Amino acid sequence: MMDPAPHASSPAPSPRAPHRSRAERRAAALRSECAATAALSVLGQKWVMRIVRVLGERTQRFCELQDALGGANSATLSQRLKLLEDEVLIDRRIISSVPPWVEYSLTAKGAELQQAIVGIDRWAERWVAAQ
């Protein structure tokens, strides 16, 4: 028969995370999948990752961005900048209205994304470019 009293030498029970049901685990996985899917739907659009990379170097005006991207179409670039502004990844600052002068820079959220992109670039250089 086992002694119900704990021995002095036996380890203390480790604290365990609360038990989650299968439905709770599925819901958590779906939430994380949805977040990743939503992020990739933004990042997968043409010019987005390149815009974040370029703005990671310094604050730039629209024409500077367009030149740095190799002549991106103005309408497309405007759409992508608006998308990134809506996602709070970039900040649009109006310097003057006459002549029109607007500068774009990364927000703290955008700067963190830029660091993630640097990691993806390193991974791609190591594994994808070697193929």
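Buried means under 20% relative accessible area, exposed means over 50%, and partly exposed lies in between, with a 1.4 Å probe and protein chains only as cover. The model is predicted, so local features need pLDDT of at least 70 and side-chain atom pairs count only at pLDDT 80 or more, while totals for chains, interfaces and linings use all residues. Residues are numbered from 1 along each chain as its sequence is written, and side-chain values use heavy atoms, with hydrogens and water left out.

**Figure 1. The whole chain in outline.**
The protein chain of this predicted model has 5 helices and 3 strands. Helices (H or I, at least four residues) and strands (E, at least two) are DSSP runs, numbered from the N terminus. Along the sequence the pattern reads α-α-β-α-α-β-β-α. Of the 131 residues in the protein chain, 24% are buried.

**Figure 2. A positive surface patch that includes R31.**
R20, R22, R25, R26 and R31 form a positive surface patch. Patches are made of residues with over 30% relative accessible area and no salt bridge, like charges being joined within 9 Å and nonpolar side chains (Val, Leu, Ile, Met, Phe, Trp, Tyr) within 5 Å. Lys and Arg count as positive and Asp and Glu as negative, while His and the chain ends are not counted. The place of a charge is taken as NZ of Lys, CZ of Arg, CG of Asp or CD of Glu. R31 lies in helix 1, which spans residues 22-43. R31 counts as exposed because its relative accessible area is 57%.

**Figure 3. The salt bridge between D121 and R53.**
A salt bridge is a side-chain nitrogen of Lys or Arg within 4 Å of a carboxyl oxygen of Asp or Glu. By this rule there are 4 salt bridges. In one of them, D121 pairs with R53, and their closest N and O atoms are 2.8 Å apart. D121 lies in helix 5 (residues 108-128) and R53 in helix 2 (residues 48-57), so the pair ties together parts that are 68 residues apart in sequence. D121 is partly exposed, at 22% relative accessible area. R53 is also partly exposed, at 29% relative accessibility. The C-alpha atoms of R53 and G110 are separated by 9.7 Å, and the two residues are 57 residues apart along the chain.

**Figure 4. The salt bridge between K82 and D86.**
The side chains of K82 and D86 meet in a salt bridge, at 3.1 Å from N to O. Both K82 and D86 lie in helix 4 (residues 74-86), 4 residues apart, or about one turn of the helix. An α-helix has 3.6 residues a turn, so residues three or four places apart point the same way. K82 is partly exposed, with a relative accessible area of 45%.

**Figure 5. The salt bridge between R93 and E103.**
R93 and E103 form a salt bridge through their side chains, at 3.8 Å from N to O. R93 lies in strand 2 (residues 90-96) and E103 in strand 3 (residues 101-106), so the pair ties together parts that are 10 residues apart in sequence. The loop between strand 2 and strand 3 holds P99. The peptide bond from V98 to P99 is cis, with omega near -10°.

V48, I51, V52, V54 and L55 are buried in helix 2. Seen down the axis of helix 2, these buried residues fall within an arc of 165°, so they line one face of the helix. The arc is that of the directions from the helix axis to the C-beta atoms. L65 lies in helix 3 (residues 62-68). L65 counts as buried because its relative accessibility is 0%. From C-alpha to C-alpha, L65 and V54 are 7.3 Å apart in space, and they are 11 residues apart in sequence.

**Figure 6. A nonpolar surface patch that includes W123.**
W123, W127 and V128 make a nonpolar surface patch of about 350 Å². Accessible areas come from the Shrake-Rupley method with a 1.4 Å probe, and for residues only the protein chains shown count as cover. W123 is placed in helix 5.

W47 is not a glycine, yet it has a positive phi of about 80°. W47 lies in the loop between helix 1 and helix 2. W47 is buried, with a relative accessible area of 15%. V88, also not a glycine, has a positive phi of about 60°. V88 is found in the loop between helix 4 and strand 2. V88 is partly exposed, at 47% relative accessible area.
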